[in-house]
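Me: I am new to this structure. Please take a close look at one part of it, the pairing of its side chains, and take me through it step by step.

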Amino acid sequence: MNSGQLLLFMNNLLLLFLMIVSSVLPGVGSLSMLGFSVPPQLILGQSASLECNFDLEGSKLYSVKWYKNGQEFYRYMPAMERQYDVFDVAGVNIDLAYSSYKTVHISSVNLHTEGIYRCEVSNEFPVFDTVSRSVKLNVVAIPSGPFITPSPPVLVSAGEQLYLNCSSFGSLPRPNMNWYINQTPVPLTARRVFNYQEDVASIIHINEQKDGRLDCVLQLRLRIRESHFQEGKIFLKCTAILGNFFMKSEGVVLENKRTHQIEAKSESEIEGKILGLFDDDSYREERNLRRIGSSAVFVSFSFHQLSLFMFHSFSI
């Protein structure tokens, strides 16, 4: 037997010995990775915890290391005098107060926090196993809005045209936005300008900020028809949806001017009959003012601020 064969024989013998020891002696075993416990996405400006779950199977832990895009940013070594180490990596701000041998806590997510995260676990002699698991985490930004501008008129008539904007700001990625007329969605038009032969059309405009977040304005052009009124009202709503973690809407209610005038006239006649019993009709003016004021409040509940993209309304 030459020296090369002897060396191979000794290595195989040592491996066999280690396998026997790990299976017989207590406290000496293999290592397995059970998986990750991470959020489905990282939300801009918020904190996040990433947990690496593993089973030492009776062996002794040597180290736990965390990497982002191949760069180590966190290390735990229980046998060292300084057990925890944090390394500078762009977008990763570790809060040691909430971190442990299994968990890393990112204190403030920014746009550079996005990346591939890997947890690597190793145990000690005589096994020296190393297991790892990685996951891709994306950063999302919750938008403000949606906001409907400008404020539409309280009373409308068939034949009138409305131009409204539904705006959301600072979103990442782009939200799914839709207009609804009486709970029926308005299809999005692929064109950049309106076809004025259509009664209803919706066009979206997108502006990218310097940091990559998106401002979106969904325009609605509506030529009002009698068929749009349901019991004298038209219900308009705009929604913005981002994944499965953000959904918000804003709505307005328009009233049929013709129906409203008929109802107002009927109420006025009834009031006139009652007030005819009195010499002073100042009570009539007070009632009229209260009724008109309550109608205005009913439709103004949902307007909070003006859009960054204001398009002038006009009629054909």
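Reply:
**Disulfides and salt bridges**

Cys166 is joined to Cys238 by a disulfide, with 1.8 Å from sulfur to sulfur. A disulfide here is a pair of cysteine sulfur atoms within 2.5 Å. The model is a predicted one, in which local features need pLDDT of at least 70 and side-chain atom pairs count only at pLDDT 80 or more, while totals for chains, interfaces and linings use all residues. Residues are numbered from 1 along each chain as its sequence is written, and side-chain values use heavy atoms, with hydrogens and water left out.

The torsion about the S-S bond of Cys166 and Cys238 is about -85°, so this disulfide is left-handed. Cys166 belongs to strand β13 (residues 161-171) and Cys238 to strand β18 (residues 233-242), so the pair ties together parts that are 72 residues apart in sequence. As for the terms, helices (H or I, at least four residues) and strands (E, at least two) are DSSP runs, numbered from the N terminus.

Are these cysteines buried or exposed? Cys166 is buried, its relative accessible area being 0%. Cys238 likewise counts as buried, at 0% relative accessibility. Buried means under 20% relative accessible area, exposed means over 50%, and partly exposed lies in between (1.4 Å probe, protein chains only).

By the disulfide rule the count comes to two. In the other pair, Cys52 and Cys119, the sulfur atoms are 2.0 Å apart. With -95° about the S-S bond, the link of Cys52 and Cys119 is left-handed. This pair links distant parts of the chain: Cys52 sits in strand β3 (residues 48-55) and Cys119 in strand β8 (residues 115-123), 67 residues apart. Cys52 has a relative accessible area of 0% and is therefore buried. Cys119, at 0% relative accessibility, also counts as buried.

With bonded cysteines counted along the chain, the disulfides follow the pattern 1-2, 3-4. Cys216 takes part in no disulfide; the nearest cysteine sulfur, that of Cys166, is 9.8 Å away. Cys216 is buried as well, with a relative accessible area of 0%.

Next come the charged side chains. Side chains of opposite charge can pair when their charged atoms come close. A salt bridge is counted when a side-chain nitrogen of Lys or Arg is within 4 Å of a carboxyl oxygen of Asp or Glu. By this rule there are nine salt bridges.

One of them is between Asp85 and Arg82, whose side chains meet at 3.0 Å, N to O. Arg82 has a relative accessible area of 59%, so Arg82 is exposed.

Another salt bridge pairs Asp199 with Arg223, the closest N and O atoms being 2.9 Å apart. Distant parts of the chain are linked here: Asp199 lies in the loop between β15 (184-185) and β16 (200-208), and Arg223 in strand β17 (residues 214-223), 24 residues apart. Asp199 counts as partly exposed at 26% relative accessibility, whereas Arg223, at 14%, counts as buried.

Asp199 also forms a salt bridge with Arg225, again with the closest N and O atoms 2.9 Å apart. Arg225 lies in the loop between β17 and β18 and Asp199 in the loop between β15 and β16, so this pair ties together parts that are 26 residues apart in sequence. Arg225 is partly exposed, with a relative accessible area of 36%. Through salt bridges that share partners, Asp199, Arg223 and Arg225 are joined into one network.
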